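Please keep the sequence and the model in view while reading.

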Amino acid sequence: MRSSSWIRFTVVLTARGILAALLGLLFWAIAPMLLGWHSTTVMTGSMEPSLHVGDVVVSKTVTPHELRTGQVLLFADPDHVGTLRMHRFDTLNDDGTLTTKGDANPAADSTPITRSAVLGVGYLRVPLIGTPVRWATDGNAGALTALGAALLAVTALAVIPAVTDGRTPSGPAAGRARHRAAPRRPRTTAAVAFAVAGTIGALLLPAPAAAATFAATTAAPTSTLTAATATPVTALTCTSNGDGSVTIGWTYTGTAPERFTTLVDGQATATTPAGTRSTTLSSWDLFTWRTSTVSIRTDLTTTWTTTSDSTVRIVTVRFLGFGRTSCA
């Protein structure tokens, strides 16, 4: 084999190895979502050196009694409504709440959490595969463009033959060979386009740990607060809508609060004015398949709250942005 053939063989196999490694990482970052687990991108260095910025962490759903000190927990951030936090379970407090701490932080988190706020326990770390999510959040268009160009180049190299027979036909045979080879070009172009689109899209799938999964919309008048006891809402209902969203309704007979907060799997996703008795939920995930529990929290004040005993369950199925949320 000539030196140029060896170079071609090495380059093509290296490109295929890079794509195979990327697809393998993507598989482990995304496939557990089919089991209802959570895949989140690490956005800060608070868990260094255990977790690095850009890592994707797969969190397994557990029951409250399975939580143990030392576990890395994914939970609704008690200090920032609508966001997630991933820190280690540091201390079990006397009142049953949990104190968490980032491995790189000098002190524990100031606000404890309840066991019900925990969405999962870190089970698998996929290194750096979520870096494009961080770039997109930071608005780093240059890095994303360079990544896209690199993926295009690697994919283009990966789909060409690694070896050739080295023969160059001449005369009528050459014409027939060119005629036979022509139909391959559209297939090669389609393969490149498909591989690049699929890889870039998949790289952006794991949602950042600092972003809400659901969005809620409603329209209603506001009201004023009167001193009273916080009263939970009752009689939660769920209605599937034709646009792929669901409407959660409830009954409330207590004193008008400051707001109602919608909780999806214990995570605060949106707030609605005091006069509302319903909210609409829809998912913006690119890829997800999970069942969630929805409850409504009455916020009489910022710190004086109570959560409904009744809940409803919703199912969200989405692939590359297409799908729907429906009542379970």
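## Basis and confidence

This is a predicted model, in which local features need pLDDT of at least 70, side-chain atom pairs count only at pLDDT 80 or more, and totals for chains, interfaces and linings use all residues. Residues are numbered from 1 along each chain as its sequence is written, and side-chain values use heavy atoms, with hydrogens and water left out.

The mean pLDDT (the predictor's confidence in each residue, from 0 to 100) is 77 for the protein. A score of at least 70 is reached by 77% of the residues. Among the elements, strand β5 (residues 98–101) has the highest mean, 94. Strand β8 (residues 214–217) has the lowest, 41. Residues 181–187 form one of them, with zero contacts (heavy atoms within 4.5 Å) beyond near neighbours in sequence. Residues 194–227 are also below 50, but this stretch has 92 such contacts in the model.

## Overall make-up

The protein has five helices and 17 strands. These are DSSP runs numbered from the N terminus: helices are H or I with at least four residues, strands are E with at least two. Of the 328 residues, 38% are buried. Buried means under 20% relative accessible area, exposed over 50%, and partly exposed in between, with a 1.4 Å probe and protein chains only.

Consider contacts between residues at least 6 apart in sequence: 66% of them join residues at least 24 apart. The protein exposes about 17,000 Å² (Shrake-Rupley method, 1.4 Å probe; for residues, only the protein chains shown count as cover). Carbon and sulfur atoms supply 61% of that area.

## Salt bridges

The whole structure holds seven salt bridges. Each is a side-chain nitrogen of Lys or Arg within 4 Å of a carboxyl oxygen of Asp or Glu. Asp55 pairs with Arg125, with the closest N and O atoms 2.6 Å apart. This pair links distant parts of the chain: Asp55 sits in the loop between β1 and β2, Arg125 in strand β6, 70 residues apart. Asp55 is buried at 0% relative accessible area, whereas Arg125 is partly exposed at 38%. In the bridge between Asp77 and Arg85, the closest N and O atoms are 2.7 Å apart. Asp77 is buried at 12%, and Arg85 is buried at 13%.

Asp299 and Arg259 form another bridge, at 3.3 Å between the closest N and O atoms. Asp299 lies in strand β14 and Arg259 in strand β11, 40 residues apart. Asp299 is buried, with a relative accessible area of 1%. Arg259 is partly exposed at 23%. Shared partners join Glu258, Arg259, Arg297 and Asp299 into one salt-bridge network.

## Aromatic rings

There are four aromatic pairs. Rings of Phe, Tyr and Trp (its six-membered ring) pair if their centres lie within 6.5 Å; planes under 30 degrees apart count as stacked, over 60 as edge-to-face and the rest as tilted. Trp6 and Phe9 make an edge-to-face pair, 6.1 Å centre to centre with 85 degrees between the planes. They are separated by about one helical turn because they lie three residues apart in helix α1 (residues 3–30). Trp6 is partly exposed at 47%, and Phe9 is partly exposed at 29%.

Tyr252 and Phe260 are also edge-to-face, at 5.2 Å and 80 degrees. Both Tyr252 and Phe260 are buried. With Trp250 they form one aromatic cluster.

## Surface patch

Ile7, Val11 and Leu157 form a nonpolar surface patch with about 240 Å² of accessible area together. Patches take residues with over 30% relative accessible area and no salt bridge; like charges are joined within 9 Å, nonpolar side chains (Val, Leu, Ile, Met, Phe, Trp, Tyr) within 5 Å. Leu157 belongs to helix α3 (residues 141–158). Its relative accessibility is 34%, so Leu157 counts as partly exposed.

## Backbone

Most residues other than glycine have a negative phi, and most peptide bonds are trans. The bond from Glu48 to Pro49 is cis, with omega near -5 degrees. Pro49 is in the loop between β1 (38–41) and β2 (56–60).

Leu128 has a positive phi, near 60 degrees. Leu128 lies in the loop between β6 (118–126) and α2 (131–138). Asp265 also has a positive phi, about 55 degrees. Asp265 is in the loop between β11 (259–264) and β12 (267–273), and is partly exposed at 21%.
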